[in-house]
There are 2 protein chains.
Amino acid sequence: MDPMAQSVPQRPRVGRPPRISREEVLAAARRVVEEGGVGSLTMRRLAAEVGSTPMALYHHVKDKEELLLLLLDDYAAGLARPALPEDPRERLVTAALAMHDALAGCAWVVEVLVADDLMSDAGLWYAENIVDAAVACGLTPERAVHAYRSIWYYTAGEIIIRAAGRRRAADDRPTHRERVFADLDEETLPRLASIGGRWATLTAQDTYRQGLEALVEGLLP
Amino acid sequence: MDPMAQSVPQRPRVGRPPRISREEVLAAARRVVEEGGVGSLTMRRLAAEVGSTPMALYHHVKDKEELLLLLLDDYAAGLARPALPEDPRERLVTAALAMHDALAGCAWVVEVLVADDLMSDAGLWYAENIVDAAVACGLTPERAVHAYRSIWYYTAGEIIIRAAGRRRAADDRPTHRERVFADLDEETLPRLASIGGRWATLTAQDTYRQGLEALVEGLLP
DNA sequence: CCGGTTTTTTATACATGTATAAAAATTAGC
DNA sequence: GCTAATTTTTATACATGTATAAAAAACCGG
């Protein structure tokens with residue numbers, strides 16, 4: 001019982017020895033997602049992949065949500081961290097853009113975002129840089145955190161809403177929206193009516209950066 | 001076959017007569033949600049409520065997602081529409097706040113947001129007023145739509161992320177986050193480390209309005 | 001070697017959304 | 001009235017996440 005003994009590799013010498021490990025499960029999950037997309041990642045498929053049974057997985061991850069979170073973690077860990085400009089304001093914007101790009105590059109990220117919020121390990125790098133840049137811009141630490149939070153809401157919202165839009169576009173049922181926008185009441189909704197068909201085009205445009213810069217503009221003193 | 005006949009009540013005189021209607025299904029869904037929360041709304045339970053079978057529902061709503069969207073619609077239709085200030089900028093902020101409050105008042109709204117985006121009927125009132133106010137503030141219609149869009153991302157993001165946070169707080173497993181924030185590396189993440197325990201407090205605060213005003217500040221000329 | 005303890009794995013079961021196909025109930029044409 | 005067409009309802013089935021409880025496989029003290 002030497003307290004200075006290596007604490008991690010000190011395996012528990014009791015109980016039935018595990019046939020699979022969390023790492024194996026994660027590695028298998030990566031494989032499955034890589035080749036079949038996140039839609040093909042089911043607990044049963046994953047169990048088959050590691051040569052075990054579905055319920056055995058639950059001894060290594062709490063549930064599927066945690067599994068996805070862990071996948072996202074190591075996706076984020078593998079990302080290049082761009083060099084950030086000196087100027088604090090530019091640094092802030094650049095870091096936020098990098099965060100956004102990271103999320104946008106991972107199609108299934110939405111499923112995790114609605115469940116948890118990326119404040120784990122790899123994701124912290126973005127938070128660190130954004131908060132730090134905000135402080136460098138003259139905000140108090142408290143307001144810098146609030147600023148980060150606002151940027152996070154905006155960013156996560158953009159990712160999620162746009163993903164929803166893409167999903168909607170995928171199955172090509174003529175959307176409720178199109179019908180609604182087709183016959184807008186000019187009396188009660190004159191502005192939208194005057195925009196009419198351009199709405200789809202306009203909202204399809206990528207204005208993340210524009211909005212981000214506006215937000216930053218308003219947040220900084 | 002008079003083409004000028006009432007087009008809507010002209011019921012189709014052919015085929016097996018329906019035993020349930022979309023309106024009945026919706027009314028039943030409202031009852032179920034009202035008394036048991038959205039979690040208790042299952043297709044089977046709903047079928048039982050209308051005295052039918054699960055699959056019969058699918059002739060009146062496309063799927064559960066559409067059902068929720070319809071529920072949200074008439075929730076929104078029932079909301080009071082606040083009087084808006086004259087000053088366009090205040091009007092913009094007030095309308096956005098009203099939109100946010102509307103969403104925040106509906107706990108299960110998140111499930112719909114991630115699937116579709118509230119651009120249906122009742123939700124349009126907010127869009128109309130926000131876009132119109134933005135134009136009144138001097139934006140072109142195009143930029144006004146973009147501005148609305150940014151506000152929408154920010155708002156939806158706030159609602160979704162905060163809901164996730166609340167859900168996480170509900171089941172009291174000591175979150176990954178707490179553990180992560182407990183031992184931050186002061187070398188690589190000095191700023192977050194210096195904030196440390198205050199992070200939870202700070203991010204728990206409601207800063208929606210603050211962020212909104214910053215965003216509006218930056219969006220308007 | 002044996003019974004107890006601990007850990008991991010397995011088996012079984014359930015609730016859910018919904019696909020598919022059959023059945024039922026009506027009208028239209030003859 | 002009979003057959004075909006049309007619409008709605010029902011029955012059955014499947015994949016999914018995961019709860020629960022039993023089983024298996026290793027350790028320990030005797």
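**The A–B interface and the surface around DNA strand C**

Chain B and chain A bury about 5700 Å² between them. Carbon and sulfur atoms carry 63% of that area. In chain B, the residues that lose the most area to chain A are B:Tyr153, B:Ile161 and B:Arg191. Together they make up 13% of what that side buries. The model is predicted.

The contact draws on both chains. Chain A contributes 63 residues, and chain B contributes 63 residues. Four salt bridges are counted between chain B and chain A. In one salt bridge, the side chain of A:Glu142 meets that of B:Arg198, with N to O at 2.5 Å. Polar contacts also cross the interface of chain B and chain A: 14 residue pairs are found, both residues at pLDDT 80 or more.

On the side of chain B that touches chain A, seven helices need to be named. The elements giving two or more residues are α4 (64–77), α7 (124–136), α8 (141–170), α9 (176–182), α10 (190–195), α11 (198–204) and α12 (208–219) of chain B. Of these, α8(B) gives the most, with 20 residues. By class, this side of chain B has 31 nonpolar residues, 12 polar residues and 20 charged residues.

Of the atoms of DNA strand C that come within 4 Å of the protein, 56% belong to sugar and phosphate.

A backbone N or O atom of A:Arg16 lies 3.0 Å from a base oxygen of DNA strand C. For B:Arg16, a backbone N or O atom is 3.4 Å from a base nitrogen of DNA strand C. Two elements give two or more residues to the surface near DNA strand C: α3 (54–57) of chain A and α2 (43–50) of chain B. By class, the surface near DNA strand C has 11 nonpolar, seven polar and eight charged residues.

Technical notes
Residues numbered from 1 in each chain as written. Chains lettered and ligands numbered in written order. Predicted model: local features only at pLDDT ≥ 70, side-chain atom pairs only at ≥ 80, totals over all residues. Heavy atoms only, no water. Near = heavy atom within 4 Å. Polar contact = N/O pair within 3.5 Å; in protein donor to acceptor, adjacent residues only side chain to side chain. Helix = DSSP H or I, 4+ residues; strand = E, 2+ residues; numbered from the N terminus. Nonpolar A, V, L, I, M, F, W, Y, C, P; charged D, E, K, R; others polar. Contact = heavy atoms within 4.5 Å. Buried area = accessible area lost by both parts, 1.4 Å probe.
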